[in-house]
Amino acid sequence: GYVEAAAADIGSYAGDIGKVVVDGAGSQLAMFDEELYIGNEGAGALTLRNGGTLDQTGIIDDAPVGVAVEAGSTGVLNIGAASGDAAAAPGVVIASGVEGGAGDATLTFNHTSSDYYFTTDGTAAGDAVVISGSIHVNALAGTTYLTGDNTFTGGVTLDGGLLVAANDSGSATGSGDVDIMSGATLGGNGVIDGSVNIADGGILAPGMSPGTLTINTDLTLNSG
């Protein structure tokens, strides 16, 4: 289906709990005036799966999607499926970026694609969807390429799948720590500013045949 809104909050007020799923190719939530807030003062979650899209190209100021905007709020943007659910085919964010606010913000990649780019069309040809603000990135399944100059501060946890740093400038993973858990892989030929901590069973796979992955701070390898 198709829903168009001038302004919308998922979890508008303190105590509110809102969940929205955009599911299927051709299904779209389109903003044409102001940006979407996922968790404004309350708790909000948006899941984009099976080709479903969030489109903010019609808004006035090209602002990013806001996640957990106010203090005390929680907001989650799921690409594919929520944490704890079976991975699903990913959807697409058509926006300049995703920005964490003063609350508890999470961006989850839990999908089935082997070559998903966090861009405006989900491919290498699209513009990067820049991740900024205080938001934590959680990668659970699928292969996800981060191509943007991302400035977010919440860090990254890889619990599964492959996360590829494919940025040309800045840091693919923002300024926070990157924790690679057992069974998960970090790869690519981009740049990572935060410390990288690899648990027993986690995999670091630098380069992209050929290529160099640059880590600007500490790399910690933990044995079992």
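Trainee: What is the strand order in the open sheet of 5 strands?

Mentor: This is a predicted model, where local features need pLDDT of at least 70, side-chain atom pairs count only at pLDDT 80 or more, and totals for chains, interfaces and linings use all residues. Strands (E, at least two residues) are DSSP runs numbered from the N terminus, and two of them pair if DSSP finds at least two bridges between them. The pairing in this open sheet is parallel, and the order is E2-E5-E8-E11-E14.

Trainee: Which strands stand at the edges?

Mentor: Look for strands with a single partner strand, so that one side is left without a neighbour in the sheet. Those are strand E2 (8-10) and strand E14 (130-133).

Trainee: Which residue in E5 is the bridge partner of Ala8?

Mentor: Residues are numbered from 1 along each chain as its sequence is written, and side-chain values use heavy atoms, with hydrogens and water left out. E2 and strand E5 (residues 36-38) pair in the parallel sense over 3 bridges. In E5, the partner of Ala8 is Leu36.

Trainee: Which residue meets Arg49 in a salt bridge?

Mentor: A salt bridge here is a side-chain nitrogen of Lys or Arg within 4 Å of a carboxyl oxygen of Asp or Glu, and by that rule the count comes to 1. Arg49 sits in strand E6 (residues 43-49) and its partner in strand E3 (residues 17-23), 26 residues apart. The distance is 3.0 Å, N to O, and the partner is Asp23.

Trainee: Is Arg49 buried, partly exposed or exposed?

Mentor: Buried means under 20% relative accessible area, exposed over 50%, and partly exposed in between (1.4 Å probe, protein chains only). Arg49 has 30% relative accessibility, so Arg49 counts as partly exposed.

Trainee: How many aromatic pairs does the structure hold?

Mentor: Rings of Phe, Tyr and Trp (its six-membered ring) pair if their centres lie within 6.5 Å; planes under 30 degrees apart count as stacked, over 60 as edge-to-face and the rest as tilted. By that rule, the total is 3.

Trainee: Is the pair of Phe109 and Tyr116 stacked or tilted?

Mentor: Both residues, Phe109 and Tyr116, are buried. Their ring centres are 6.5 Å apart and their planes stand at 50°, so the pair is tilted.

Trainee: And what about Tyr117 and Tyr145, stacked or tilted?

Mentor: Tyr117 lies in strand E13 (residues 116-117) and Tyr145 in strand E16 (residues 143-146), so the pair ties together parts that are 28 residues apart in sequence. The ring centres of Tyr117 and Tyr145 are 4.2 Å apart with planes at 10°, so the pair is stacked.

Note on methods:
Helix = DSSP H or I, 4+ residues; strand = E, 2+ residues; numbered from the N terminus.
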